[in-house]
Amino acid sequence: MAELRAEHIHKRYRDHRALDDVSITVPEKSIFGLLGPNGAGKTSLIRIINQITGPDEGKVLINGRPLQREDISIIGYLPEERGLYKKMKVGEQAIYLARLKGMSKLEARKKLRAWFDRFGILEWWAKPIEDLSKGMAQKVQFITTVLHEPEVLILDEPFSGFDPINAELIKSEILRLRSEGATVMLSTHNMGSVEEICDDMALINEGKVILEGKVKDVKNRFKENVYDIYFKGEFLGFTNALWTGFELLDKEGIEDGLTRARVRMLEGNKVNDLLTAVIPHVQVNQLREVIPSMNDIFIRTVKNEKKHG
């Protein structure tokens, strides 16, 4: 188990400031989403954590101590740029990569065949890499990234190129690895995946962290006291019942006479006040609070940062 921290990281490439005082904490046994638009600095931070490049200022800590060169053995890194030797056989390539991580050939072969079987690619063991589809090649690289059971997993766009079924397979494996003690940091544009599997997140834009926290807390922070209410009855009667304490944002006819109305509470009014106002006029079927999606939060925050930046 490992906690990963980056503290006050600065990185500049010639005239470009890639990272500007970036600090994040990836708690042990958690899944951390590193978000941001293209060019925000995500890959620069990941490369520093993996010791591919060094920071101009700042430091990376693992379990409270500075990251050392030998710590590379407890980190599994899946880069966004996939790279396999096209002329090698699939099994040979996977064993070669496993041995680079310190595994014996016998141990690597045994674990690899179990993983290949679970991922449905065992029949491709003796075929050349160049015959693999993009999705199958990415499965091979994911397997070789996690095979040595690293304490820390850093996955850059792990769902890129996968169809929905295989994306779900990768998600379930990431969740399983976390349950077995791995600390996971993933960089992704897939906001749905962040909502589904991430415990914590940080949003980077133009080299700075502009939003961070637990995913649940971040979503609650962006709530706007808005509710969807589903009802049957006259819409005019419904709108007349909405006195000045409520704002009707939009409406939509569903089916079988059912209407959805989106309402914002004003002046400190509560759900019970809304129900008390409309129940005498319509039949309420459902009431649901509108929680913004991570995609909405992402877009809103980046746009706001550009507006005030």
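I count a charge as sitting over a ring if NZ of Lys or CZ of Arg is within 6 Å of the ring centre and within 35 degrees of the ring normal.

**Entry 1: source.** I worked from a predicted model, in which local features need pLDDT of at least 70, side-chain atom pairs count only at pLDDT 80 or more, and totals for chains, interfaces and linings use all residues. Residues are numbered from 1 along each chain as its sequence is written, and side-chain values use heavy atoms, with hydrogens and water left out.

**Entry 2: charges over rings.** I looked up K127 and found that it lies over the face of W124, at 4.3 Å from the ring centre. I then noted K251, whose charged end sits over the ring of F235, 4.8 Å from the centre.

**Entry 3: aromatic pairs.** I searched the whole structure and found eight aromatic pairs. Rings of Phe, Tyr and Trp (its six-membered ring) pair if their centres lie within 6.5 Å; planes under 30 degrees apart count as stacked, over 60 as edge-to-face and the rest as tilted. Y85 and Y96 have ring centres 6.3 Å apart and planes at 70°, so I recorded the pair as edge-to-face. Y85 lies in the loop between strand 6 (75-78) and helix 2 (90-100), and Y96 in helix 2, so this pair ties together parts that are 11 residues apart in sequence. Helices (H or I, at least four residues) and strands (E, at least two) are DSSP runs, numbered from the N terminus.

I recorded Y96 as partly exposed, with a relative accessible area of 39%. Buried means under 20% relative accessible area, exposed over 50%, and partly exposed in between (1.4 Å probe, protein chains only). F116 and W125 have ring centres 5.2 Å apart and planes at 70°, so they too form an edge-to-face pair. F116 is buried at 0% relative accessibility, and W125 is buried at 12%. Ring pairs also link W115, F119 and F142 into a cluster.

**Entry 4: a helix contact.** I followed F142 into helix 4, where K139, F142 and V146 meet N166, L169, I170, E173, I174 and L177 of helix 5; contact means heavy atoms within 4.5 Å.

**Entry 5: D200.** I looked up D200, which lies in strand 9 (residues 200-205). D200 is buried, with a relative accessible area of 9%. Leaving aside residues up to four places away in sequence, I found that D200 touches P27, S30, I31, F32, G33, G213, K214 and V215. D200 and V215 are 15 residues apart in sequence and 5.2 Å apart in space, C-alpha to C-alpha.
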